[in-house]
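Please walk me through this model in the viewer. I would like to know what to select at each step and what is there.

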Amino acid sequence: MNNMEFSVDLYLYMYLYMPSFILVLGAIVVLFSNAFASRFSRNTSLSLSMIFIASAFLFCLSLGHSSNVSNITLISEYIILTASFFFVFLTFSKHKFVEFQTPEFYPLYLFSVSGFMLMVNSNNLILILLGLEIGSLPLAALMSFNRRIYGLEASIKYFTASALASIFFILGILLIYLRTGGFDLNNTALYHDILAPQQNVYMMLMVFGFIFIVAGIGFKISLVPWHSWMPDVYEACNPVLAGYISIVPKIAGFAVFTTIFLFVSSGFAPNNYIEKLLKILLFITILLPNIVALLQKDVKRMLAFSSISHSGFALACIYLGNFGILSIYWILFLVTNLGAFALLWASKPKNFSSRYDYSFEKFYGFSKKYPIKSLTAALFMLSLAGIPPFSIFWGKIFIITQALQKDEIALAIVMVLSSAIAVCYYLKLIVAMYFKQPIAGDEEYYEDNITSPIKCIILICALLCIASIFLVSYLLDYHISLFNVLL
């Protein structure tokens, strides 16, 4: 009987963690292929990385895997692997960049993706912590590969933030273990009788444990006040890595946040404390970054602060009790952000000595020299701003509608006000491209870095932004069982 139970558990774990195992195997294969090759080939490493990411995605589609994981996990896996595939695909650029000519880049990239996959696959707090470390530490190394002083600075800041996140997360795990007597988030019913739930001291253990875990995850999903590292990282990284950081670690963090929120609110702690904490985080995360974004002089720093505000909208979905809306919102955000960063990547800065690679001043009169790029950039900015009928508008309208249905009037007002502020700073780039004259005459700050793969990604993202209503209808009509997850 024990052998049978062991074989069933082994079979279950194999289906649960096989996507992460495929990515780790891919990292090892790429590592050894570079070690024993006569000379490094970027195209070989890139192709192998894409093959293993695609293989992990195909395994996630299998019945054996999808039937053994939660809807939250499954949707998060799809988003992580899709974003990871297309962002590494962007490295097929016209010009050679030192970070992508480094043999270690591609194995570390796969290790990072495998760590975030492990985070969303696991319901054990120790394994979530392990996934957090595996996903974060390679990113700190990847940031330093560009060998610029700002890259090293961003790497150190990200490493420090990751270390602090781990410390807070471990403290949260400790307090939750003291309250429940276990690390497994699935078997909550087993722990209810271990400690007397009516005693306030045990309730406070869970509340403070949740606060520490929120702080740990807050570094990953860039919630205010744990967001300070993100603008500097965006500024120092190339658009490929900055775009990856804006999507993959965040959806992994939101998936873990949702799972732990479900666990904590299932009788271990009074809900009013948790709801008040989330509401405070929501208000400051949605509103404050948008105000700061108005003052930015660089497009990537502006996108960093806007991404923090978008994290606040995503957290609102968890607070309102609907992971389905969060999934739709983050898919729309993926499409728009992928296109925006791909467009930045299509223009290579000529001068890397200046502080800002993509300052607004360098885009003055951009439309006269690059009309197609300017039109596409305007489309993505309008979409990120939530202007109808483009993609993120539908995500925001779903969240605001959900808030009104649950009588969260103040939250709805804050989200509308925040969206109005966001329109102002997104329009700054459009104004710079179309209504400003170049400061230095005919000087060109960028040279063409676009290739056919990058063109295809930008085109697909632009079409999806324009026809987003059909994408949203498809998600709602044909995947209603996946998106109907109520907290």
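The stops below cover a helix pair, the nonpolar core and some aromatic rings in this predicted model.

Start by selecting residues 71-89, helix H4, and residues 323-345, helix H13. Their axes come within 11 Å and cross at roughly 0°, so the two helices count as roughly parallel. To see the contact, show side chains on both: H4 contributes residues including Ile72, Ile79, Phe86 and Phe87, and H13 contributes, among them, Trp330, Leu334, Leu338 and Phe341. By type, the residues of this contact are 12 nonpolar, 3 polar and no charged.

Next, centre on Phe87. Beyond its neighbours within four places in sequence, Phe87 touches Tyr109, Val240, Gly243, Tyr244, Ile247, Leu334, Leu338 and Phe341. Phe87 is also listed with Tyr244, Phe257, Leu303 and Phe363 as having the most contacts inside the largest nonpolar core, a set of 166 residues. H13 supplies the largest share of that core, 18 residues.

Now turn to the rings; the whole structure holds 20 aromatic pairs. Select Phe168 and Phe219: the ring centres are 6.2 Å apart and the planes lie at 25°, so this pair is stacked. Phe168 sits in helix H7 and Phe219 in helix H8, 51 residues apart. Phe168 is partly exposed at 25% relative accessibility, whereas Phe219 is buried at 9%.

Then select Tyr234 and Phe341, whose centres are 5.8 Å apart with planes at 65°, so the pair is edge-to-face. This pair joins helix H9 to helix H13 across 107 residues, and both Tyr234 and Phe341 are buried.

Finish with Phe85, Phe86, Phe89 and Phe92, which ring pairs link into a cluster.

Note on methods:
Residues numbered from 1 in each chain as written. Predicted model: local features only at pLDDT ≥ 70, side-chain atom pairs only at ≥ 80, totals over all residues. Heavy atoms only, no water. Axes fitted to C-alpha atoms, helices over the stretch in contact; angles between N-to-C directions. Helix = DSSP H or I, 4+ residues; strand = E, 2+ residues; numbered from the N terminus. Parallel < 35°, antiparallel > 145°, perpendicular 65-115°, else oblique. Contact = heavy atoms within 4.5 Å. Nonpolar A, V, L, I, M, F, W, Y, C, P; charged D, E, K, R; others polar. Core = buried A, V, L, I, M, F, W, Y, C linked by side-chain atoms within 4.5 Å. Buried < 20%, exposed > 50% of the residue type's maximum accessible area, 1.4 Å probe, protein only. Phe/Tyr/Trp six-rings, centres within 6.5 Å; stacked < 30°, edge-to-face > 60°.
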